[in-house]
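Welcome! Here is a friendly briefing to read alongside the sequence and the 3D view.

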Amino acid sequence: MAKKSAVRRRSEQSEFSDDAFENVRASMTYDYNELVLARAAERIHPRTKQYLTFVNLASLLILVFCAWNFRDNNALLIVLAVIAFALLYVWANWNTIQLRLARRGSLALEGPNERRHVVVCDDAVHVQTNLGSSTTYPLSDLKWVSATDECLLASFGHRRYIYIPRRCLSENRYRDLIRFLEDQR
(Lines give C-alpha, C1' and ligand atoms only; values in the text may rest on other atoms or scores of the structure.)
Protein backbone atom coordinates (compact mmCIF):
# COMPACT_ATOMS: atom_id res chain seq x y z
CA MET A 1 0.00 0.00 0.00
CA ALA A 2 1.41 3.36 -1.02
CA LYS A 3 2.16 5.86 1.68
CA LYS A 4 1.06 9.47 1.51
CA SER A 5 3.66 11.83 0.24
CA ALA A 6 4.77 14.79 2.34
CA VAL A 7 3.09 17.20 -0.11
CA ARG A 8 -0.24 15.39 0.16
CA ARG A 9 -0.06 15.27 3.96
CA ARG A 10 0.65 19.01 4.11
CA SER A 11 -2.27 19.84 1.80
CA GLU A 12 -4.65 17.71 3.90
CA GLN A 13 -3.45 19.36 7.08
CA SER A 14 -3.99 22.84 5.66
CA GLU A 15 -7.46 21.98 4.36
CA PHE A 16 -8.78 20.52 7.64
CA SER A 17 -7.64 21.08 11.20
CA ASP A 18 -8.20 18.94 14.30
CA ASP A 19 -7.21 21.75 16.68
CA ALA A 20 -10.84 22.61 17.50
CA PHE A 21 -11.55 19.12 18.84
CA GLU A 22 -10.62 17.65 22.22
CA ASN A 23 -9.67 14.03 22.96
CA VAL A 24 -9.21 13.04 19.31
CA ARG A 25 -9.05 9.25 18.91
CA ALA A 26 -8.80 9.11 15.11
CA SER A 27 -8.76 11.55 12.24
CA MET A 28 -8.97 10.75 8.55
CA THR A 29 -9.50 12.53 5.23
CA TYR A 30 -10.68 10.89 2.03
CA ASP A 31 -12.20 11.66 -1.36
CA TYR A 32 -15.95 11.08 -1.47
CA ASN A 33 -17.54 10.28 -4.84
CA GLU A 34 -20.19 8.07 -6.44
CA LEU A 35 -18.11 4.90 -6.06
CA VAL A 36 -17.54 5.52 -2.35
CA LEU A 37 -21.24 6.33 -1.95
CA ALA A 38 -22.14 2.98 -3.55
CA ARG A 39 -19.74 1.13 -1.23
CA ALA A 40 -21.20 2.92 1.78
CA ALA A 41 -24.74 2.10 0.65
CA GLU A 42 -23.89 -1.61 0.54
CA ARG A 43 -23.29 -1.52 4.30
CA ILE A 44 -26.75 -0.12 5.11
CA HIS A 45 -28.69 -3.07 6.53
CA PRO A 46 -26.38 -5.66 4.90
CA ARG A 47 -28.23 -8.76 6.13
CA THR A 48 -31.68 -7.64 5.04
CA LYS A 49 -31.32 -9.33 1.66
CA GLN A 50 -30.74 -12.67 3.41
CA TYR A 51 -33.84 -12.12 5.55
CA LEU A 52 -35.83 -11.15 2.46
CA THR A 53 -34.78 -14.42 0.82
CA PHE A 54 -36.22 -16.49 3.67
CA VAL A 55 -39.38 -14.38 3.95
CA ASN A 56 -39.92 -14.59 0.19
CA LEU A 57 -39.46 -18.36 0.23
CA ALA A 58 -41.93 -18.64 3.12
CA SER A 59 -44.49 -16.48 1.31
CA LEU A 60 -44.18 -18.63 -1.81
CA LEU A 61 -44.62 -21.81 0.24
CA ILE A 62 -47.70 -20.35 1.92
CA LEU A 63 -49.04 -19.36 -1.50
CA VAL A 64 -48.58 -22.92 -2.82
CA PHE A 65 -50.12 -24.40 0.35
CA CYS A 66 -53.15 -22.10 0.11
CA ALA A 67 -53.51 -22.72 -3.63
CA TRP A 68 -53.59 -26.45 -2.95
CA ASN A 69 -55.97 -26.36 0.02
CA PHE A 70 -58.13 -23.27 -0.67
CA ARG A 71 -58.60 -23.37 -4.43
CA ASP A 72 -61.94 -21.66 -4.32
CA ASN A 73 -60.78 -18.62 -2.29
CA ASN A 74 -59.48 -16.43 -5.10
CA ALA A 75 -59.22 -13.27 -2.97
CA LEU A 76 -56.82 -14.97 -0.54
CA LEU A 77 -54.70 -16.34 -3.39
CA ILE A 78 -54.50 -12.93 -5.09
CA VAL A 79 -53.43 -11.21 -1.84
CA LEU A 80 -50.77 -13.87 -1.20
CA ALA A 81 -49.52 -13.60 -4.79
CA VAL A 82 -49.25 -9.79 -4.52
CA ILE A 83 -47.31 -10.13 -1.26
CA ALA A 84 -44.96 -12.72 -2.81
CA PHE A 85 -44.33 -10.58 -5.91
CA ALA A 86 -43.78 -7.44 -3.83
CA LEU A 87 -41.21 -9.25 -1.68
CA LEU A 88 -39.55 -10.62 -4.81
CA TYR A 89 -39.37 -7.10 -6.28
CA VAL A 90 -37.77 -5.69 -3.10
CA TRP A 91 -35.32 -8.59 -2.97
CA ALA A 92 -34.29 -8.14 -6.62
CA ASN A 93 -33.84 -4.38 -6.25
CA TRP A 94 -32.27 -4.28 -2.80
CA ASN A 95 -29.02 -2.64 -3.98
CA THR A 96 -30.97 0.18 -5.63
CA ILE A 97 -33.05 0.64 -2.48
CA GLN A 98 -29.89 0.82 -0.36
CA LEU A 99 -28.42 3.46 -2.68
CA ARG A 100 -31.64 5.49 -2.49
CA LEU A 101 -31.54 5.33 1.31
CA ALA A 102 -27.93 6.51 1.29
CA ARG A 103 -28.70 9.46 -0.99
CA ARG A 104 -31.56 10.60 1.23
CA GLY A 105 -29.39 10.60 4.35
CA SER A 106 -26.11 12.01 5.52
CA LEU A 107 -24.16 9.92 2.99
CA ALA A 108 -25.48 12.03 0.10
CA LEU A 109 -22.97 13.78 -2.10
CA GLU A 110 -22.86 17.54 -1.66
CA GLY A 111 -21.01 18.17 -4.90
CA PRO A 112 -18.32 16.93 -7.26
CA ASN A 113 -14.77 16.48 -5.99
CA GLU A 114 -15.91 16.31 -2.40
CA ARG A 115 -13.40 15.56 0.35
CA ARG A 116 -14.54 14.48 3.78
CA HIS A 117 -12.65 14.77 7.02
CA VAL A 118 -13.88 12.59 9.90
CA VAL A 119 -12.68 13.19 13.45
CA VAL A 120 -13.61 10.62 16.11
CA CYS A 121 -13.43 12.00 19.65
CA ASP A 122 -14.32 10.46 23.02
CA ASP A 123 -17.83 11.93 22.99
CA ALA A 124 -18.71 12.61 19.34
CA VAL A 125 -17.85 12.11 15.69
CA HIS A 126 -17.34 15.22 13.57
CA VAL A 127 -17.59 15.29 9.78
CA GLN A 128 -16.34 18.21 7.71
CA THR A 129 -16.32 18.64 3.95
CA ASN A 130 -14.20 20.81 1.72
CA LEU A 131 -17.47 22.44 0.59
CA GLY A 132 -17.88 24.04 4.02
CA SER A 133 -20.42 21.86 5.79
CA SER A 134 -19.73 20.44 9.23
CA THR A 135 -21.80 17.95 11.22
CA THR A 136 -21.43 16.52 14.72
CA TYR A 137 -22.86 13.17 15.81
CA PRO A 138 -22.86 12.45 19.57
CA LEU A 139 -21.71 8.91 20.38
CA SER A 140 -24.69 8.58 22.73
CA ASP A 141 -26.87 8.42 19.56
CA LEU A 142 -24.86 5.56 18.01
CA LYS A 143 -27.24 2.76 16.95
CA TRP A 144 -25.08 0.20 15.17
CA VAL A 145 -21.70 -0.33 13.54
CA SER A 146 -21.13 -2.40 10.42
CA ALA A 147 -17.47 -3.06 9.62
CA THR A 148 -15.61 -5.11 7.04
CA ASP A 149 -11.96 -5.31 6.05
CA GLU A 150 -12.56 -2.44 3.61
CA CYS A 151 -14.83 0.03 5.39
CA LEU A 152 -16.83 0.95 8.45
CA LEU A 153 -20.34 2.37 8.55
CA ALA A 154 -21.81 3.69 11.79
CA SER A 155 -25.48 4.61 12.10
CA PHE A 156 -26.76 7.32 14.38
CA GLY A 157 -30.44 6.80 13.49
CA HIS A 158 -32.75 8.82 11.23
CA ARG A 159 -30.56 8.27 8.12
CA ARG A 160 -27.47 9.71 9.78
CA TYR A 161 -24.40 7.65 8.91
CA ILE A 162 -20.64 7.95 9.14
CA TYR A 163 -18.54 6.18 6.52
CA ILE A 164 -14.84 5.49 7.16
CA PRO A 165 -12.75 3.68 4.53
CA ARG A 166 -10.08 1.32 5.86
CA ARG A 167 -7.38 2.73 3.60
CA CYS A 168 -7.34 6.00 5.60
CA LEU A 169 -5.97 4.34 8.74
CA SER A 170 -3.35 1.79 9.63
CA GLU A 171 -4.63 -1.69 10.37
CA ASN A 172 -4.20 -1.35 14.15
CA ARG A 173 -5.83 2.08 14.32
CA TYR A 174 -8.72 0.82 12.18
CA ARG A 175 -9.30 -2.20 14.45
CA ASP A 176 -9.04 0.02 17.56
CA LEU A 177 -11.60 2.40 16.05
CA ILE A 178 -14.02 -0.46 15.36
CA ARG A 179 -13.59 -1.74 18.91
CA PHE A 180 -14.10 1.75 20.36
CA LEU A 181 -17.28 2.40 18.34
CA GLU A 182 -18.75 -1.02 19.12
CA ASP A 183 -18.10 -0.42 22.82
CA GLN A 184 -19.96 2.89 22.62
CA ARG A 185 -23.20 1.24 21.44
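Isoleucine 164 touches Met28, Val118, Val120, Cys151, Leu152, Leu169, Tyr174 and Leu177, where residues up to four places away in sequence are not counted and a contact means heavy atoms within 4.5 Å. This is a predicted model, in which local features need pLDDT of at least 70 and side-chain atom pairs count only at pLDDT 80 or more, while totals for chains, interfaces and linings use all residues. Residues are numbered from 1 along each chain as its sequence is written, and side-chain values use heavy atoms, with hydrogens and water left out.

**Residues in the strands**

- Isoleucine 164 is found in strand β7; helices (H or I, at least four residues) and strands (E, at least two) are DSSP runs, numbered from the N terminus.
- Isoleucine 164 is buried, with a relative accessible area of 1%; buried means under 20% relative accessible area, exposed over 50%, and partly exposed in between, using a 1.4 Å probe and protein chains only.
- The C-alpha atoms of isoleucine 164 and threonine 96 are separated by 21 Å, and these residues are 68 residues apart along the chain.
- Valine 125 lies in strand β3 (residues 124–129) and is buried, with a relative accessible area of 2%.
- Leaving out residues up to four places away in sequence, valine 125 touches Val118, Val119, Val120, Thr135, Thr136, Tyr137, Leu139, Phe156 and Ile162.
- Between the C-alpha atoms of valine 125 and asparagine 74, which are 51 residues apart along the chain, the separation is 55 Å.
- Threonine 136 is found in strand β4 (residues 134–138) and is partly exposed, with a relative accessible area of 44%.
- Not counting residues up to four places away in sequence, threonine 136 touches Ala124, Val125 and His126.
- The side chains of threonine 136 and histidine 126 are joined by a polar contact of 3.0 Å; a polar contact is a pair of N or O atoms within 3.5 Å, where within protein one must be able to donate a hydrogen and the other to accept it, and residues adjacent in sequence count only if both atoms are side-chain atoms.
- Threonine 29, found in strand β1, is buried, with a relative accessible area of 7%.
- A polar contact of 2.6 Å joins the side chain of threonine 29 to that of histidine 117.

- Which residues of α2 are buried? They are Val36, Leu37, Ala40 and Ala41.
- Seen down the axis of α2, these buried residues fall within an arc of 140°, so they line one face of the helix; the arc is that of the directions from the helix axis to the C-beta atoms.
- On the face of α2 turned away from its buried side are the exposed residues Leu35 and Glu42.
- The cover over the buried residues of α2 includes β1 (24–32), α5, β6 (151–155) and β7.
- Asparagine 33 caps the N-terminal end of α2, with a side-chain oxygen 3.2 Å from the backbone nitrogen of leucine 35.
- In helix α5 (residues 94–103), the buried residues include Trp94, Gln98 and Ala102.
- Those residues cover an arc of only 80° around the axis, which puts them on the same side of α5.
- The cover over the buried residues of α5 includes α2, α3 (48–69) and α4 (74–92).

**Positive phi in the loops**

- Most residues other than glycine have a negative phi, and most peptide bonds are trans.
- Histidine 45, in the loop between α2 and α3, has a positive phi near 45°.
- Histidine 45 counts as partly exposed, at 35% relative accessibility.
- Asparagine 113, in the loop between α5 and β2 (114–121), has a positive phi near 55°.
- Asparagine 113 is exposed, with a relative accessible area of 71%.

**The second largest pocket**

- The second largest pocket has a volume of about 190 Å³; a volume is the space filled by probe spheres set on the grid points, which are joined across faces, edges and corners.
- On a 1 Å grid over the protein atoms alone, a cavity is a set of points where a 1.4 Å probe fits but cannot get out, and a pocket is an open set with protein on both sides within 12 Å along at least five of seven lines.
- Lining residues have an atom within 4 Å of a point, and those of the second largest pocket include Val36, Arg39, Glu42, Tyr163 and Pro165.
- The largest share of this lining, three residues, comes from α2.
- The lining residues of the second largest pocket divide into four nonpolar, one polar and six charged; Ala, Val, Leu, Ile, Met, Phe, Trp, Tyr, Cys and Pro count as nonpolar, Asp, Glu, Lys and Arg as charged, and the others, Gly among them, as polar.
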